[in-house]
Amino acid sequence: MVAGNNAIAKNHFRKKWATRVKTWLQQPIQKKIRRQKRKEKAAAIAPRPAAGPLRPYVHCQTVKYNSKSRLGRGFTLDELKGAGINAKFAKTVGIAVDHRRENKSEESLQLNIQRLKEYKERLIVFPRKGNKPRKGDASKDDIAQAKQLTGTIVAAPKPEPAVTFANLTDDMKKNNVHYQLRHARNEARLSGPRIRKARELEEENKNK
């Protein structure tokens, strides 16, 4: 019998631990395998960028997440047209294209056009045939100096600061915000009676 108002001991030692507990003991080796696969993929697509094709910056969906930006599926046809790049040519030089996406704002359009122009300036196009270079292909010196890019291809746009700071001026110190709020509230409260009074005065003047 337990003395006092204490919890009754319930000793359960046979919990079948092996069937109820999930382990991730393979984490270290999986990390090594993923790293090796990234190396193999980068070597297979060399001298193209190791990160893959260039992708646009788009806003997330729904009201909850639309203030955040992320990488999208591909550039729209309008964005490619604004940057002076053909859609078929874009696929051959590491630019992702999405013909279904549409631009909803001028800001996102100009942002991705600028992204494409920056990529275009740094682009080195290797000739298909070394002895027969075409118009727009890189020179031999550029090809010799070309290295595979690791990391981000084009840096993400810097977000505008949410809070801005300014120095207090004398005009700001003299400004009485509490009085302005009270005055605006009073004007809104008396607007109805004033309109009614003005209407009554007009009717009286007409009747005279």
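Which residues form a positive surface patch? In this predicted model, the patch is made up of K31, R34, R35, R38 and K39. One of these residues, K31, is placed in helix α2, which covers residues 27-45. K31 has a relative accessible area of 60% and is therefore classed as exposed, since the cut-off for that class is over 50%. Residues assigned to a patch must have over 30% relative accessible area and take part in no salt bridge.

The secondary structure of the chain consists of nine helices and two strands. Their order along the sequence is α-α-β-α-β-α-α-α-α-α-α. With regard to overall dimensions, the radius of gyration of the chain is 34 Å, whereas a compact globule of 208 residues would have a value near 17 Å. Along the principal axes, the C-alpha atoms occupy a box of roughly 100 × 90 × 40 Å. Of the 208 residues in the chain, 16% are buried.

Among the buried positions is F75, whose relative accessibility is 0%; the class requires a value under 20%, so F75 falls within it. F75 is situated in the loop that links β2 (69-71) to α4 (77-83). The C-alpha atom of F75 lies 7.8 Å from that of I95, a residue 20 positions away in the sequence.

Two features of the backbone were also identified. In general, most peptide bonds are trans, and most residues other than glycine have a negative phi. The peptide bond from A46 to P47 is cis, with an omega near 5°. P47 belongs to the loop between α2 and β1, the latter comprising residues 57-59. Helix α2 itself spans residues 27-45, and K31 is placed within that helix.

T62 is part of helix α3, which extends over residues 62-65. The relative accessibility of T62 is 53%, and this residue is therefore counted as exposed.

Definitions and conventions:
Residues are numbered from 1 along each chain as its sequence is written. This is a predicted model: local features need pLDDT of at least 70, side-chain atom pairs count only at pLDDT 80 or more; totals for chains, interfaces and linings use all residues. Side-chain values use heavy atoms; hydrogens and water are left out. Patches are made of residues with over 30% relative accessible area and no salt bridge: like charges are joined within 9 Å, nonpolar side chains (Val, Leu, Ile, Met, Phe, Trp, Tyr) within 5 Å. Accessible areas come from the Shrake-Rupley method with a 1.4 Å probe; for residues, only the protein chains shown count as cover. A salt bridge is a side-chain nitrogen of Lys or Arg within 4 Å of a carboxyl oxygen of Asp or Glu. Lys and Arg count as positive and Asp and Glu as negative; His and the chain ends are not counted. The place of a charge is taken as NZ of Lys, CZ of Arg, CG of Asp or CD of Glu. Helices (H or I, at least four residues) and strands (E, at least two) are DSSP runs, numbered from the N terminus. Buried means under 20% relative accessible area, exposed over 50%, partly exposed in between (1.4 Å probe, protein chains only). The radius of gyration is taken over C-alpha atoms; the globule rule is 2.2 Å times the number of residues to the power 0.38.
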